[in-house]
Structures are given as C-alpha cells and as structure tokens.
Protein chains: 2
Amino acid sequence: MNRFLGHVTNRIDAKGRVSVPAHFRSIIQAAGHTELYALRSLHLPALDAGGPELLTRFDNHLDGQDLFAENADDMSFYLHADGGFLKLDGDGRITVTDFMREHTGISSDVTFAGANTHFQMWHPDRFEAHRAKVRQRLAEKRRQENLTAGKS
Amino acid sequence: MNRFLGHVTNRIDAKGRVSVPAHFRSIIQAAGHTELYALRSLHLPALDAGGPELLTRFDNHLDGQDLFAENADDMSFYLHADGGFLKLDGDGRITVTDFMREHTGISSDVTFAGANTHFQMWHPDRFEAHRAKVRQRLAEKRRQENLTAGKS
DNA sequence: TTGACGCCCATAGTGCCCCATGATATCGAT
DNA sequence: ATCGATATCATGGGGCACTATGGGCGTCAA
C-alpha cells in the first residue's frame with residue numbers, strides 16, 4: 001500500500017540520528033525518489049515531510065490562492081527558504097537538525113505520523129496531545145451533526 | 001454473503017497473534033486484498049476494521065473539502081495517523097500491536113464483531129458490556145414508542 | 001586537533017513465512 | 001442413524017529476514 005499511514009516513534013541516537021520508519025522509506029523509494037524534504041507545518045508544531053513532489057504540491061496551492069501579495073511572498077519564503085532537505089544515510093536514517101528541533105521541540109525521540117500523501121514528524125508528547133485534541137474535536141462535531149460514513 | 005455478521009472471540013497466542021475469523025477473511029480475500037485497515041473508533045473502545053477500501057471510502061469524503069481547512073486537517077489526521085494497516089499472515093492472523101491494545105484494552109483475547117460493511121475488534125468484556133447496553137437502549141426506546149402508540 | 005558528518009559493520013529485537021497439531025464440522029457409505 | 005474419512009479452522013512453535021539502534025573509523029573543514 002503506497003500510503004503513509006499509522007504512527008511510530010523512534011529514538012534519536014547519540015549522534016543525533018533517527019531511523020525513518022522502513023515502511024515510509026519504501027513508499028518514497030517506490031515512487032522512484034531518494035530524497036526527502038521537510039517543511040514546517042503551517043498550523044502545527046510539526047514537520048511535513050515527503051518526496052520532492054511535496055514542494056510542488058504546496059507550490060500549486062500557492063498559485064491557486066488569491067492572497068495579498070505580501071502574504072504570498074511570505075508563503076513563498078516560508079516554503080523555499082525555511083524548508084529543508086534531509087539526507088538519508090546508508091541505513092535509512094536522517095540527522096535531526098536544529099531547524100527541526102526549533103519548530104517541533106523534538107529532543108530525544110521522534111514520532112513519525114502518516115498523512116496519506118506525506119508524513120509528519122512530531123515530538124511524541126505534542127503528537128499525543130494533538131491526537132487527543134483532534135479526537136475530541138471530531139467527537140464533539142459528530143455529536144452535533146451525524147457523520148455520514150457507515151459507522152454504528 | 002459479502003457482509004460482516006455475527007461475533008466471535010479468539011485468543012491471542014504467545015507471540016501476540018490472533019486469527020481473524022475465517023468468515024471475515026473470506027470477505028476480504030474475495031475482494032482481492034491481503035491487508036486490513038483498522039481505525040480507532042471515536043466513541044467506542046474498539047477498532048473499526050475492514051479492507052483497504054474502507055479507508056478509500058473515508059478519503060473520498062475529504063476530497064470535496066478544502067485541504068487547508070481545519071476540519072479537513074482533523075479528519076485527515078484522524079484517518080491516517082490514528083489508523084493503520086494490519087497485515088494478514090499466511091494463516092490469516094494479525095499481530096496485535098500496542099496501537100490496538102491502548103485504545104481497546106485488549107490483552108489476551110479479541111472479540112470480532114460484524115458491522116455489515118466492516119467489523120470491529122473489542123476486548124471481550126467490553127464488547128459484552130456494550131452489547132448489553134445497546135440492547136437495553138433499544139428496549140427502552142421501543143417501550144417508549146409503544147407507550148406513545150397507546151399499547152401496553 | 002577537534003568536531004561534524006559520511007560510510008560501514010555488529011547485534012538484539014521483532015515481523016513474517018512455513019509447517020505441525022488438535023478440535024470441530026462436513027459428508028458419504030453402510 | 002452411526003460411524004469413519006475428510007476438510008476447515010484456531011492455535012502453537014521453529015526459524016529466517018529485516019529493522020532499529022549502537023558504535024567504529026575515516027574524511028573534511030574550522
């Protein structure tokens with residue numbers, strides 16, 4: 001299955017490296033890529049990561065939006081100047097840079113969370129907190145209006 | 001019969017594996033799949049599971065929405081980070097991960113319960129409790145309907 | 001030199017494939 | 001209907017392969 005799904009947390013070793021989950025790696029490679037890109041998530045203390053197509057997808061989103069010029073400039077800067085490139089070593093690990101730690105608070109462990117077309121990297125605690133909040137919001141929303149999918 | 005019906009409880013072996021009921025398996029395999037998609041239910045201490053098309057069905061709901069809206073973000077996060085694929089081994093078993101135990105309280109046995117288009121996985125005790133509660137609610141509801149209809 | 005970073009190997013733990021066993025259900029012949 | 005042969009299924013265990021993780025060295029630049 002070529003989708004980023006589920007979540008795993010791996011430890012950062014003494015050299016600041018962390019293994020990208022093998023399942024996620026295989027998806028990237030199956031798409032014919034050997035490079036990994038990471039961007040700061042817009043609303044969340046997390047990183048959006050994935051293959052090169054991640055950049056183009058965000059670019060397209062920029063094009064389609066009629067934002068104020070300044071805002072679009074900010075976005076462009078955000079994407080291209082504030083984004084990063086992650087090198088996979090021979091064992092499928094990346095080194096956690098300050099760029100990543102700043103925005104996410106990541107210190108000793110990283111939670112990799114699937115997001116269908118890409119994945120995210122979180123501090124485990126913040127991930128858990130966010131997960132709980134999302135569940136609560138969705139449950140609240142469903143209590144008001146009935147969800148459409150065929151659940152009981 | 002291509003519907004998930006009835007309920008069975010199977011034991012988890014020493015290696016943390018449990019057999020998916022053959023009847024459920026045959027439905028999945030008839031659709032040409034060897035994997036299960038499982039999602040932590042919002043309101044119940046159970047897992048909603050089914051073939052990969054279960055996820056596809058959910059995804060289709062997201063397609064219509066603005067990908068950057070908060071609600072769509074929440075849904076995507078819930079579907080993809082809070083769910084995962086379960087691989088069936090050659091004997092039709094899945095390995096019970098911590099991901100599943102946390103949410104359901106499952107420890108040594110699993111109750112598989114059909115839900116028409118998909119099925120659920122429960123801790124046997126909690127399933128029984130939930131079943132009793134549902135029966136009671138239905139009976140209560142019917143009693144009220146009978147009262148309003150002027151019957152005894 | 002010192003430290004950051006690349007590449008390589010070692011190892012423990014886990015996932016997954018394959019086969020064995022016993023219980024239960026199905027079916028056929030008498 | 002009884003009994004035995006056969007198929008199906010849940011369960012158990014052996015063992016290989018892969019993954020995460022740790023550590024050893026070189027290289028290159030400050």
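When two copies of a chain are compared here, they are superposed by least squares on the C-alpha atoms of residues with pLDDT of at least 70 in both. Done that way, chain B can be laid on chain A with an RMSD of 0.5 Å, using a turn of 22 degrees and a shift of 18 Å along the axis. The copies use different surfaces, though: 5% of the contact residues of chain B recur in chain A, where two residues are in contact if their C-beta atoms, placed from the backbone, lie within 7 Å.

Before we go on, keep in mind that this is a predicted model, in which local features need pLDDT of at least 70 and side-chain atom pairs count only at pLDDT 80 or more, while totals for chains, interfaces and linings use all residues. Residues are numbered from 1 along each chain as its sequence is written, and chains are lettered from A and ligands numbered from 1 in the order in which they are written.

Let's start with chain A. It has five helices and eight strands; helices (H or I, at least four residues) and strands (E, at least two) are DSSP runs, numbered from the N terminus. Read from the N terminus on, the elements of chain A go β-β-α-β-β-α-α-β-β-α-β-β-α. Of the 152 residues in chain A, 28% are buried. A residue counts as buried if 20 or more other C-beta atoms lie within 10 Å of its own, as exposed if 12 or fewer do, and as partly exposed in between, with C-beta atoms placed from the backbone. Take the contacts in chain A between residues at least 6 apart in sequence: 59% of them join residues at least 24 apart.

A:D109 sits in strand β7 (residues 109–115) of chain A. The C-alpha atoms of A:D109 and A:T9 are separated by 6.7 Å, even though the two are 100 residues apart along the chain. Leaving out residues up to four places away in sequence, A:D109 touches A:T9, A:N10, A:R11, A:I12 and A:P124. Because A:D109 has 15 other C-beta atoms within 10 Å, it is partly exposed.

Now over to chain B and its sheet. Six strands make an open sheet in the order β1-β7-β8-β4-β3-β5 of chain B, with antiparallel pairing; two strands pair if DSSP finds at least two bridges between them. The edge strands are β1 and β5 of chain B, each pairing on one side only. On average, neighbouring strands of this sheet are turned by 30 degrees against each other, direction ignored. Axes here are lines fitted to C-alpha atoms, for helices over the stretch in contact, and angles run from 0 to 180 degrees between N-to-C directions. Inside the sheet, β3 (residues 35–40) and β4 (residues 47–50) of chain B pair in the antiparallel sense over four bridges, and B:A38 stands opposite B:A49 in β4(B). Helix α5 (residues 124–148) of chain B packs on the sheet, touching β1, β7 (109–115) and β8 (118–122) of chain B, and its direction makes about 40 degrees with that of β7(B).

How do the two chains meet? The contact takes 21 residues from chain B and 21 residues from chain A. On the chain B side, α2 (53–63), α3 (70–81) and β5 (83–87) each supply at least two residues, and α3(B) gives the most, with seven residues. By class, that side of chain B has nine nonpolar, seven polar and five charged residues. For these classes, Ala, Val, Leu, Ile, Met, Phe, Trp, Tyr, Cys and Pro count as nonpolar, Asp, Glu, Lys and Arg as charged, and the others, Gly among them, as polar.

A residue is near a strand if its C-beta atom, placed from the backbone, lies within 6 Å of it. Of the 20 residues around DNA strand D, A:N10, A:D13, B:N10, B:D13 and B:A22 come nearest. The elements that give two or more residues to this surface are β1 (7–11) of chain A together with β1 (7–11) of chain B. The surface near DNA strand D divides into six nonpolar, six polar and eight charged residues. Around DNA strand C you'll find residues of both chains, including A:K87, A:D89, B:K15 and B:T97. What classes make up the surface near DNA strand C? It has no nonpolar, five polar and seven charged residues.
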